Amino acid sequence: MFRLAQRIKFSGLAPSRSVRSLFTADKYPVKRGNYSELNAEDIKYFESFLNSKDLLTDKKDLDAVNVDWMQKYRGQSKLLLKPRSVSEVSKILKHCHDRKLAVVPQGGNTGLVGGSVPVFDEIVISLANLNKIRKFDDVSGTLTVDAGVILQTADEWLRERGYIFPLDLGAKGSCQIGGNVATNAGGLRLLRYGSLHGTVLGIEAVLPNGDIFNGLSTLRKDNTGLDLKQLFIGSEGSIGIITGVSVLCPPKSNSVNVAWLGLDSYEAVQKTFKLAKNALGEILSSFECVDRASMEVVDAALKKHDMEAQQPLESMHPYQILIETSGSNSEHDEQKLNAFLENSMENELVVDGVVAQDEGQIQALWQWREGISESSGKWGGVYKYDVSLPLPVMWDLVKAVENRLIERNLQSKTDSTKPVYATIGYGHIGDGNLHLNVCVREYTKEVEDVLEPFVFEFIAKHNGSVSAEHGVGFQKVHALQYSKDAGALKLIKEVKNMFDPHGIMNPYKFIE
Ligand code: FAD
Ligand code: MLT
Ligand code: ZN
């Protein structure tokens, strides 16, 4: 049962850049809002307080910020601003508000719903230059950072001090903490450390009119009225620009174990999850599930790039799970993990598995899981659905979508004239969150019409959510009705209008 895991290396974060996507505005029925057009006077004003290298109008610089990570959405911005201080952000927004110029806040541009790039000619405001760690209290574990600090940088900084960042995700090397908070990112360890709605203690943000909201508290408890920072968590750049964040960080675990297990049915996955919660209790930090098609896509993507790696397990089981434990006592944790593994095998739930023997093997196993995102885009593009569903029906959605595509003769691995290469499912089962990816050779209206509204109707029928963690962005702005009633949508719109009466913040997204 226990083999060594081999480390694999992916070429980089982004999918292959061979496909040049159309402009979003040409691809989708969207009309430019009644915003002003950028003129020479505006540029002159920005030049009066920004460093020249922080104001970019070159096509080359703009190409990168106009297109999203999936190469699915492409905007036509003519100006990229990279402020270095909160006061510069404030001056920019005040001017845009007064002039009615639309803007898009951009972090690491790793968002997966088309929220981080312009639709028309919105000005892109990058947070990349606001990248200082402000302070850390090593007794309480509270960290205060600029919004542009890269997640991995913060995590590594904390690890040197015996703590970790409470969020971890595959895009950690590029995404920014401000972007994480703006999308209320979930990630790989939400099961253990909870959502950012719980771990974020304070937020500093610049409002559309240039006012600064100073909610950068580090208190755990504060019952003095409405908790305004919560409005910014998951607001996707729709009500202001987050410039600072304070967050409660957990201590680094002394003992981390990772097991990769093979199962023959989805029924067994659910029973194993129940068993894992009971047997591992507080040390269970991740419970991720991937299906065979996901593993095949990673394998094929590696081969496509002349790389090969040994799969974690000898056979391609239909479902495979990654279980991570994080605790303080390695002997105790190993005992618990071994008892759980024995129990799950005796009950014939788990039929094969490996346990990482060192840090390198832990990383190797995680790479098979995290590599799915990048591998999915290697055939040209990927339609991504990020859904919350009751566990029993989760994989019914994957099967239903695949059947529809096959019935309509749209999917084939070998026939490259078919638009769809593969349909795969994976996700954070421990959080009730499935990722359904339809890996395509090209983005076509025909495939999109087969997928939507079918996927959203399936979710609504089972009282799920059309966005578990990636957010709404441009992609799901018309799908919100499947998860929220008219009253809730009206309230969200009213809050948005109160903060942003001119509608300059990230238009065409989040809420109609
Ligand atoms: P961007 O993509 O730049 O922006 C995202 C949204 O936030 C946009 O609407 C933008 O306008 C807004 N925004 C950005 N910064 C600010 C700010 N300072 N103030 C106000 N608004 C702002 N997501 C998960 O939830 N879980 C995962 O496990 C996960 N894994 C991923 C793995 C990969 C390989 C990739 C590519 C993405 C993954 N994502 C995941 C999605 C994405 O990484 C997260 O949503 C991330 O939090 C976005 O951060 P960012 O800095 O890249 O933001
Ligand atoms: C993940 O869980 O891997 C992320 O949410 C990203 C993705 O779905 O590609
Ligand atoms: Zn995810």
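This is a predicted model: local features need pLDDT of at least 70, side-chain atom pairs count only at pLDDT 80 or more; totals for chains, interfaces and linings use all residues.
1. Helix 14 (residues 394-407) packs against helix 16 (residues 454-461) at an angle of about 150°, and their axes lie 11 Å apart. Since angles over 145 degrees count as roughly antiparallel, helix 14 and helix 16 are therefore roughly antiparallel to each other. Their crossing is right-handed.

2. On the helix 14 side of this contact stand Asp396, Leu397, Ala400, Val401 and Arg404, which meet Phe454, Val455 and Phe458 of helix 16. The contact residues comprise 6 nonpolar and 2 charged, with no polar ones.

3. Helix 11 (residues 292-304) and helix 13 (residues 359-376) have axes that come within 9 Å and cross at roughly 70°. An angle from 65 to 115 degrees counts as roughly perpendicular, and helix 11 and helix 13 are therefore roughly perpendicular to each other. The crossing of helix 11 with helix 13 is left-handed.

4. In this second contact, Ser294, Met295, Val297, Val298, Asp299, Ala301 and Leu302 of helix 11 meet Trp368, Gly371, Ile372, Ser375 and Ser376 of helix 13. The residues of the contact divide into 7 nonpolar, 4 polar and 1 charged.

Technical notes:
Residues are numbered from 1 along each chain as its sequence is written. Chains are lettered from A and ligands numbered from 1 in the order in which they are written. Side-chain values use heavy atoms; hydrogens and water are left out. Axes are lines fitted to C-alpha atoms, for helices over the stretch in contact, and angles run from 0 to 180 degrees between N-to-C directions. Helices (H or I, at least four residues) and strands (E, at least two) are DSSP runs, numbered from the N terminus. Angles under 35 degrees count as roughly parallel, over 145 as roughly antiparallel, 65 to 115 as roughly perpendicular and the rest as oblique. A crossing is left-handed if the near helix is turned anticlockwise from the far one by less than a right angle, and right-handed if clockwise. Contact means heavy atoms within 4.5 Å. Ala, Val, Leu, Ile, Met, Phe, Trp, Tyr, Cys and Pro count as nonpolar, Asp, Glu, Lys and Arg as charged, and the others, Gly among them, as polar.
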